[in-house]
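Dear colleague,

Please find below the structure I promised to pass on. My notes on how the chains meet follow it.

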There are 4 protein chains.
Amino acid sequence: MLIVMKSGATKGEVDGVVQVIEKLGFRAHVMPGATRTAVGITGNPGTLDPARFEHLAGVFEAIRVTKPYKLITLDLQPDQTVVRAGEATIGGKELAIIAGPCAVESREQTFAVAEAVRASGARFLRGGAFKPRSSPYDFAGLGEEGLQILAEARDTFGLKIVTEALDEAGVDLVEKYADMIQIGARNMQNFSLLRRAGKSKLPVLLKRGIAATIDEWLLAAEYVMSEGNYQVVLCERGVRTFTQHARNALDLAAIPVIRHISHLPIVVDASHAAGKSHLVAPLARAGVAAGADGVMVEVHNNPDVALCDAAQALTPEEYLTMVHEIRGIHNLLTSPVSA
Amino acid sequence: MLIVMKSGATKGEVDGVVQVIEKLGFRAHVMPGATRTAVGITGNPGTLDPARFEHLAGVFEAIRVTKPYKLITLDLQPDQTVVRAGEATIGGKELAIIAGPCAVESREQTFAVAEAVRASGARFLRGGAFKPRSSPYDFAGLGEEGLQILAEARDTFGLKIVTEALDEAGVDLVEKYADMIQIGARNMQNFSLLRRAGKSKLPVLLKRGIAATIDEWLLAAEYVMSEGNYQVVLCERGVRTFTQHARNALDLAAIPVIRHISHLPIVVDASHAAGKSHLVAPLARAGVAAGADGVMVEVHNNPDVALCDAAQALTPEEYLTMVHEIRGIHNLLTSPVSA
Amino acid sequence: MLIVMKSGATKGEVDGVVQVIEKLGFRAHVMPGATRTAVGITGNPGTLDPARFEHLAGVFEAIRVTKPYKLITLDLQPDQTVVRAGEATIGGKELAIIAGPCAVESREQTFAVAEAVRASGARFLRGGAFKPRSSPYDFAGLGEEGLQILAEARDTFGLKIVTEALDEAGVDLVEKYADMIQIGARNMQNFSLLRRAGKSKLPVLLKRGIAATIDEWLLAAEYVMSEGNYQVVLCERGVRTFTQHARNALDLAAIPVIRHISHLPIVVDASHAAGKSHLVAPLARAGVAAGADGVMVEVHNNPDVALCDAAQALTPEEYLTMVHEIRGIHNLLTSPVSA
Amino acid sequence: MLIVMKSGATKGEVDGVVQVIEKLGFRAHVMPGATRTAVGITGNPGTLDPARFEHLAGVFEAIRVTKPYKLITLDLQPDQTVVRAGEATIGGKELAIIAGPCAVESREQTFAVAEAVRASGARFLRGGAFKPRSSPYDFAGLGEEGLQILAEARDTFGLKIVTEALDEAGVDLVEKYADMIQIGARNMQNFSLLRRAGKSKLPVLLKRGIAATIDEWLLAAEYVMSEGNYQVVLCERGVRTFTQHARNALDLAAIPVIRHISHLPIVVDASHAAGKSHLVAPLARAGVAAGADGVMVEVHNNPDVALCDAAQALTPEEYLTMVHEIRGIHNLLTSPVSA
């Protein structure tokens, strides 16, 4: 924490701030400047609320310095985490591709899509059995029946299953049928759910909340890890801004920024950021070019009749073209000549 | 839904769109214009995804028209809802004041604050027993012990208790001790929690998510109501924008906008929007001036040692001054002369 | 500037940072902490770019401390500025009301509105002769003819004229006919225009840019003042956020925040924030309740045929009701009993 | 325009709306639905303000349909525009690279950077002679002397010069020395400047405003084109959001969205979006992967002593690596096999 005094702050006011800091058991470092004095605080075990100091006499503002996370940091673990579901990995050398329908609608639909996913060489099949929907009147998924269909597809096509849990009971079910627990954007700060996922043996794919800062997102990962589950994949899926031309604004600077702080792998959900199918491939390519460890994308064998997010689903053909492109970009950036 | 064709769309393309609409069982209305043709859709039972039509040949864009909510609307109930906790009301003639500490820290602290709240004539005591915290390392509340302290304060001071539940198990406990269930901003789209609150006999205070649109917020209320609980209070608490000088940006236009759509009462949480105590009273006054049915505010008998959100807590003295001001504004706007 | 080192930074890396700081001619203050070391910088004459230090070995991040403005600060002038146009003031005891049509359309229209404005007791007539329009095909104002009509209205009704200049040549014309130069939101960082206004003898009403931070806005005022013109009024008119239900989001926390930093008066433009007439009065009331020195508002004698921003114009009747309400709130908050 | 009536709107209210529409000279199309009636408007020559209809009796909301731009559209010109400065092109087959220092500081600095730019095979040298700075106390560029240095560099290195004009007088000077006029983000809606650039014989590089919608940006281009200058390059440079980890959020969905609407070429300014040098290459790669026609980037021979935006400047070495990567991605996406 750094306390910045007003330019006309008196020595008494500076001393007052120092006393408050020392009373809290911390150490104060007074730095007199040309126009104003600053006071650094060290020795605080966790983060301090900057605003706590701002009403003290003579204080202009207080600025937070210490970051509140620990387990996610490169300080703690300098090597990048590789998340594993059997032989399939996220964060290793291979570009991870997680593809499938928005919602599991039927065995036929899921198998048709899974076939295309398998054909592309992807290792992960996504599909929602429990769908969070803004309106209570929209299709909310097939529930456990959907999970059973996904488990069958796994056995048939050899793909690992990534699917969302909406609550603690949902995690129990996902653990029974799937290979990776997805926590959705709306639940990024559902701390009961995060703690429950942190007690699971399955890896967790943690989507960024629609207006989450990098710090809040990393702290959500910290919740999962603080319960003992270190297999966490971050998923950037776009944030909400004033723009309306796409569903969300994919925040690709987040990728190199997080690389600077954390060892956790990051994938990009191009479909939810896009909201429209003709934007998906450009955003998926951009995500890989920015350095993502993988791409998550929605595919539907017949988008015109999809029960959920029809407009953003790729057809199998569009999907295969996109996979070809993103693999090309990934190879280009990771080949020894380029590096 | 309104489909806008490209300016050079052919008759065949327009016919194609009409066929798709009719195949879905809806009615198409072709409107030829000077430069382009539009096609209206009626007869759809719920909302349609605009993007679903945007990839059809000749289509420029599709615009959603029908709103997805029902129970919250003035169409359904033209008179404003009055939410009741015993004799205390929100949405009636009296300005509702919900005040108390951010977190219940101890019996002494809670009683000291409750005394100030009672002295102000407010009818609701707020206080968190379960605190959602961005970091897993921060104080997360006293849990059931906190609820017991609140229940004691209710008996001692005659105040109604408003307190947050973070999950379904938390609703069970809140029902046991309190008078109104608060759903926090981070959980506004925790649909399992909303459905559980919808089955409660207690009224629900539903905070707006940090980046929720008005429609998403009203649909969250619709989730609660669709389970049978019609006693819902909306609570505007600020949204996240590019600005950093306050914790959140209190969106006061939301008040008259919602009055135009819904019969549900709205209160303003001035403390979370402010983040700093010297901004709280101005924002509380602004909220009442904009037409809010009440104000929620954090008070602490000793903000300097508060365990949670210290910087935004009012002292009892600041709180009493604020109550005097907001009552004055409310009286001014509701007195017959002014109206 | 505060440099925060990585947790594992070596002594050599800290020394390296200190050397860079001293080489730049500043003073370095090393503060060792429990987990990481911070280095404060003092002695820098102006602001430093934080990012400049972030690529040095062992540095985690750099945080700016010094604020770049001078003339606008309470440090420089502790008493609030009162801006004067003859006897009319903004920032004094009286609530300033600046009302009139969006655009001057004709002598008849302007006089009809001016009559209502005069009847309300307001002292300022607004009206655009040069209108910045997003599209080149929209009505852009009557130009100098519009200014002449405004000047006539001034003579007839005894009101002071506030009108926008879009470029340096426009300032010449506004100086010839009007009493206060308005700089619009789109031009808040048109530095050539700001410098020209800074050389004028007329006061300047400076609207906040649609996505301007408080610091950028204050620095724009600093541009005007640095040329010698100290008569500046800040005008909050709403910022752009993800919300779409109002034209812009009126940022009322800006009022107490700026009071904390600057001596310049602040008014609220309720019409442009609202975008719809039924939102104008609630937002104007909220602005005054939050502590604004005045309100700017659009009035039209016949909104249905207005050439510009028809939907947000108040009728004269709606306007008079609003004036009654905001004066009531202002009196309440400034009367000795309340204070 | 589409008028959506309230669900309980009477036939009289619908008729009233129709009468207003017909009185304005347009045609009304009544579409009765299951729960509510909509009324389409056709025959309006330009755009209508939706809010204009929203206060009519029985109206729930009004939705704009017609887009206000013409010259920028694919409707008008289906083939993509190729902007030319001599043999150098933007929007053609070659990936355009515009590189150079933020500000021209000296002949030595400019020449050192120009040499690296030339070595990379790029055809455009950027560099600011007139710098828009948030603070009046920051370095504002060398002015005409800077332009002379740029013109010398052009002659020496055979590069085309892209440089910013801040006002109409600045355009006169830029025309004298340079090859392309840059309009900065802060001036995107400085309509006097846009009109002046529209009368120039030089091409215009138009940066997106920091909070501009796609429509506003395209309309700014329309201003330039409506004066006769059709050689316009759009430059996406990031928008302002709640995020703070990068200077701005590069909005890459804008690229495919604009491709859907307009024939104008689009480049990406990776440096201003990033704000920090380690984010520049990832964002430049992402921009090309998303389909940009070119990249604009800041390079400095000695970033540590740069007078402007030091932290985001690439060194010549970093720059050359980036060029290698983005050319690789561009070739991959435009090679016949990939397509």
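**How the chains meet**

Chains A and B meet through the same surface, because 100% of the interface residues of chain A are also interface residues in chain B. Please keep in mind that this is a predicted model.

The contact between these two chains takes 34 residues from chain A and 34 residues from chain B. On the side of chain A that touches chain B, the elements that give two or more residues are helix H2 (51–54), helix H6 (191–198) and helix H7 (214–226) of chain A. H7(A) gives the most to this side, with 5 residues. By class, the residues on the side of chain A that touches chain B divide into 13 nonpolar, 12 polar and 9 charged.

**Chain A with chain D**

Chain A also touches chain D: 34 residues of chain A are in contact with 35 residues of chain D. Here the elements of chain A that give two or more residues are helix H8 (254–261), helix H10 (277–289) and helix H11 (316–334). The largest share of the side of chain A that touches chain D comes from H10(A), with 7 residues. That side divides into 23 nonpolar, 8 polar and 3 charged residues.

Chain A can be laid on chain D with an RMSD of 0.1 Å, again by a turn of 180° and a shift of 0.0 Å along the axis. This is therefore the relation of a two-fold axis. In chain A, A:Ala286 has the C-alpha nearest the axis, 2.0 Å from it. The same surface serves both copies, as 100% of the contact residues of chain A recur in chain D.

From H9(B), the residues B:His278, B:Leu279 and B:Pro282 meet C:Ile255, C:Pro256 and C:Val257 in H7(C). This contact has 5 nonpolar, 1 polar and no charged residues.

**Within chain A**

Chain A is divided into domain 1 (2–63) and domain 2 (83–334). Taken over C-alpha atoms, the centres of domain 1 of chain A and domain 2 of chain A are 45 Å apart.

A helix pair inside this chain is formed by helix H3 (residues 107–119) and helix H4 (residues 144–157) of chain A, which pack at an angle of about 35° with their axes 10 Å apart. The crossing of H3(A) and H4(A) is right-handed. H3(A) brings A:Arg107, A:Thr110, A:Phe111, A:Ala114, A:Glu115 and A:Arg118 to the contact, and H4(A) brings A:Ile149, A:Leu150, A:Ala153, A:Thr156 and A:Phe157. By class, the contact of H3(A) with H4(A) has 6 nonpolar, 2 polar and 3 charged residues.

Kind regards

How values were computed: Residues are numbered from 1 along each chain as its sequence is written. Chains are lettered from A and ligands numbered from 1 in the order in which they are written. This is a predicted model: local features need pLDDT of at least 70, side-chain atom pairs count only at pLDDT 80 or more; totals for chains, interfaces and linings use all residues. Two residues are in contact if their C-beta atoms, placed from the backbone, lie within 7 Å. Helices (H or I, at least four residues) and strands (E, at least two) are DSSP runs, numbered from the N terminus. Ala, Val, Leu, Ile, Met, Phe, Trp, Tyr, Cys and Pro count as nonpolar, Asp, Glu, Lys and Arg as charged, and the others, Gly among them, as polar. Copies are superposed by least squares on the C-alpha atoms of residues with pLDDT of at least 70 in both. Domain bounds come from an automatic or database domain assignment. Axes are lines fitted to C-alpha atoms, for helices over the stretch in contact, and angles run from 0 to 180 degrees between N-to-C directions. A crossing is left-handed if the near helix is turned anticlockwise from the far one by less than a right angle, and right-handed if clockwise.
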